[in-house]
Each structure stands twice: as structure tokens, then as C-alpha cells.
Amino acid sequence: MDTKILLAESDMPTHWYNVVADMPTPPSPPLGPDGQPVDPAMLSAIFPEAIIQQEISSERWIEIPKPVREALYLWRPSPLYRAHRLEKKLGTPAKIYYKNESISPAGSHKPNTAIPQAYYNKQAGIKRLTTETGAGQWGCSLSLAGQIFGLDVRVYMVKVSYEQKPYRRSMMKTWGAEVFASPTNMTEAGRNVLAKDPDSPGSLGIAISEAVEEAAGREDTNYSLGSVLNHVLLHQTIIGEEAKKQLAMVGDYPDTVFAPCGGGSNFGGIAFPFFADKAAGKAIELVAVEPTSCPTLTKGTYAYDYGDVAGLTPIMKMYTLGHDFMPPGIHAGGLRYHGDSPLVSQLHHEGLISAVAIPQLETFQAGVLFAQSEGIVPAPESTHAIAATIREAKRCIDTGENKTLLFNLSGHGHFDMTAYDRFFDGSLEDFEYPEEAIKASLAHLPNIG
Ligand SMILES: *Cc1c(COP(=O)(O)O)cnc(C)c1O
């Protein structure tokens, strides 16, 4: 059997799948500061109309505009791999497949949404986009998309990552973007944080506040978010739709689907198209994998909370560790968000998907094993899905089950080699579940029912 299962460009999906159409209960609406549902018009200070409509849509299929499809052809459809060598190395009777999203120009799944977001903003007459980035994958993706559609991009990059990953900065600049270490003194939100803690390492929540503040204050500027929101997960469903077609080409179907979960976009992207089958009665397990140091789905509270530290965003019902939770400086920077997608959160709350948390050292062991069998050096985020898949594949050795496992290889680790170096020299550690910090942060949830 082939190693790579490939789709022709003409077989790339023409529509995104909206999971809301198949959810048993409608999503809880985002609320404003008064505790009332946000009027979508209020969002127009920072988002174009087309994106707002997608955010609140319950239509099952939404067409991918032609200029967006043409830009996605730069790397899509992405290959589905059968992990023959990893299976052999493990000696498992399980069949392991992975969707390789690392082949995009930015090296992760994130351009799948950056491209349509830049397109819709350009169509709406917007000239500039602001955004935040943690490890830098999202900042790179939006910089690329801004370059493709002729928009200026300004990136607030979490300071600890800005210092750890200089080459991601260089990539953003290569695609024409401006990059600043957040917190900056350019925004009210940034100045407030620096006044309390001049050495703040920054966090995604702070960087979001800075980017939203700037976009809300300028006519020509909108804001763009790389995860969490409904429209972002919508744009990522092209991953799972392609995977379904590719598995059908080899007459297979997964028992379990794994993806790393930070804000939930690549998990939703690969899992939601399979959820459509689950909603129709098919037996399939969908597993979101997170770090034990930032255990949003497995240890968080399902409640209304802000998306950012300053409390500028609408409050959303989601699993959260509290909006001012500062996760430990683990290397899977893309998994350090305090909240999670409201869609993923609701499905988890209703028991329709599952979640597991894995410690950092086990994820790097899995990443090294993967690199030594399949060749690709995975992103630290992606190693979470690999580790969970390996756990299940090993369980299959004990039980003799020949399950079919699918995971999302959300990105490669070429800019994260410092993290691998730390792992090899033994200085990488597991962080305990930061119970006290989470408890303190959860005490600051917005005070509504
Ligand atoms: C950002 C990122 C993630 C986590 O973000 P999600 O929105 O949960 O997908 C995972 N893997 C990679 C490679 C990333 O860049």
C-alpha cells in the first residue's frame, strides 16, 4: 500500500463544513459587557461583514471563494500519509495515518484560515491587519496571506517567543510584516501590563488585547485571529474533508482521530467533518490533545470568560483556565492559550468529543520517535497528537486490536530546534498541573450567570 495518498487539485473541496448544522444544541452566543448577546454589528469595528456572517452561520456548507481556492493551491490538497515506518517501529497491529499540514509555506495548518481572512478583508476595502502571535506560526501565516492579497500586517508577538524564536520574526518580515515584542508601550493594554510588571514575558491574552485595541481604533485596520472563533474552525475543515476523501480512496475509515488542541482550530479542522458522520450515528472517537501544563479542556471550567487579558473581547462560553492565567513557558507555544474554541468546548461539555492531557517530556519522546521513523521533525504542538496516537497504538499491541488511527500533523518543527536541544541535553522538564495559579485566575471570571 502507498505511503502518500494524494488528491488532485481538482478534487480539493469547494465548500467548508459548518459543524453548527449538526450540533444537537445551538452554540451559546458571545455576550457583551452588559451580559446581553453581542450585536453582530458591534463586531464590525474589527471584522469584515463576510467573516461576521460566517461566525454566526448555521448553514452546513459555505462556498470557498475562487481566489481563496487559487491561493490554497500553492500547497493544497495536502497529502495523507500511511505511517508504515512508525507502525513497524512500534510493532503495532493498528493502522496509523496522518494528514501532513506542515507542507504549507508557513509550515503549519494556519494559512488555511489566514488566506480567506485576508481575502475577505481586502474585499471589504481594509488596508491593514493587526494580530497577535505566540510561537509565531500564526504571525507567519497572516504575513504570508497579507502579502498574497496586498494588505499591510502588524504582528504583536508574545515577548518570550519573540526572544526564543528569532527566525520566525525573520520569516514574518520576509513576507513584509512588522513585528513587535508584546507587551509593547504602543497600546494602553500593553502599557498597563508593563506598569505592573516591566519584565512581563507576555502572553497570548495580552497580545490579543494590544492587537484588538489598535484595530478598534483605526478605520483602515481590522483584526485577525488565528484560532478559537467559529469562522477560523470553519476554514480549517478543509483538512478533515480532504482526509475523508483520501481515506475513502484506500477503502479505510478511522476509529479514532487525534489532534493537538490549543485554541481548537486544527482539531476542529480535522475532526468536525468526521463529527458529521458521528452525528449521523457512526462510531468514531475524536480526541483533542493538550499539555498537562495548560489543561484547558481536561482541568478548566466551562464558563463565560474573556478571550484576552484586558477584557476587550466579547465574553464566550468555553472551557477556560481564567483569562489572566499565565501558563508555564513550555515549548509548545501554540498550546498556551487559557481558553478554547466555544464549538469544541460545547461538544466536549456534551460528551461528544474527548480530551487528554500529556506531559511535555512524553510529547518530545514521541516527536523524536516520529522523526526517526517517518523522517519529518514535528512541531512541539503536533507531538501532542503523535504521543496520544502512540499511546493508543501501544494499547492495540496489548489488546491485539487492529484499529485505524488518524492524527493531524499540524506543523513541522524547523524553527523549534532549541526545544529539541533542551530535550536532548536533559534541561526540559515536565510542569505540574499549576492548580494554585489556575484557581487564582478562575476567581476573576466575569461576573454573569
Ligand atoms: C497554532 C498551532 C497549534 C495550536 O492551535 P490550534 O488552534 O489549537 O490548532 C497546533 N499546531 C501547530 C503547528 C500550530 O502552529
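Helices α5 (residues 137–149) and α7 (residues 166–174) have axes that come within 8 Å and cross at roughly 10 degrees. That makes α5 roughly parallel to α7 (angles under 35 degrees count as such). This is a predicted model, where local features need pLDDT of at least 70, side-chain atom pairs count only at pLDDT 80 or more, and totals for chains, interfaces and linings use all residues. Numbering starts from 1 along each chain as its sequence is written, and side-chain values use heavy atoms, with hydrogens and water left out.

**Helices α5 and α7**
- Helices here are DSSP runs (H or I, at least four residues), numbered from the N terminus.
- Axes are lines fitted to C-alpha atoms over the stretch in contact, and angles run from 0 to 180 degrees between N-to-C directions.
- Gln137, Gly139, Cys140 and Ser143 of α5 meet Arg168, Met171 and Met172 of α7 (contact means heavy atoms within 4.5 Å).

**Helices α12 and α14**
- α12 (residues 265–279) packs against α14 (residues 342–349) at about 50 degrees, with the axes 11 Å apart.
- On the α12 side the contact is made by Phe267, Phe272 and Phe275, and on the α14 side by Leu343, Val344 and Leu347.

**Around the ligand**
- The ligand is surrounded by 17 residues (each with a heavy atom within 4 Å); Lys110, Ser227, Gly262, Asn266 and Ser410 are the closest.
- A polar backbone atom of Gly262 sits 2.7 Å from an oxygen atom of the ligand.
- For Gly263, a backbone N or O atom is 3.0 Å from a ligand oxygen atom.
- Ser265 has a polar side-chain atom 2.7 Å from an oxygen atom of the ligand.

Methods. Helix = DSSP H or I, 4+ residues; strand = E, 2+ residues; numbered from the N terminus. Parallel < 35°, antiparallel > 145°, perpendicular 65-115°, else oblique. Polar contact = N/O pair within 3.5 Å; in protein donor to acceptor, adjacent residues only side chain to side chain.
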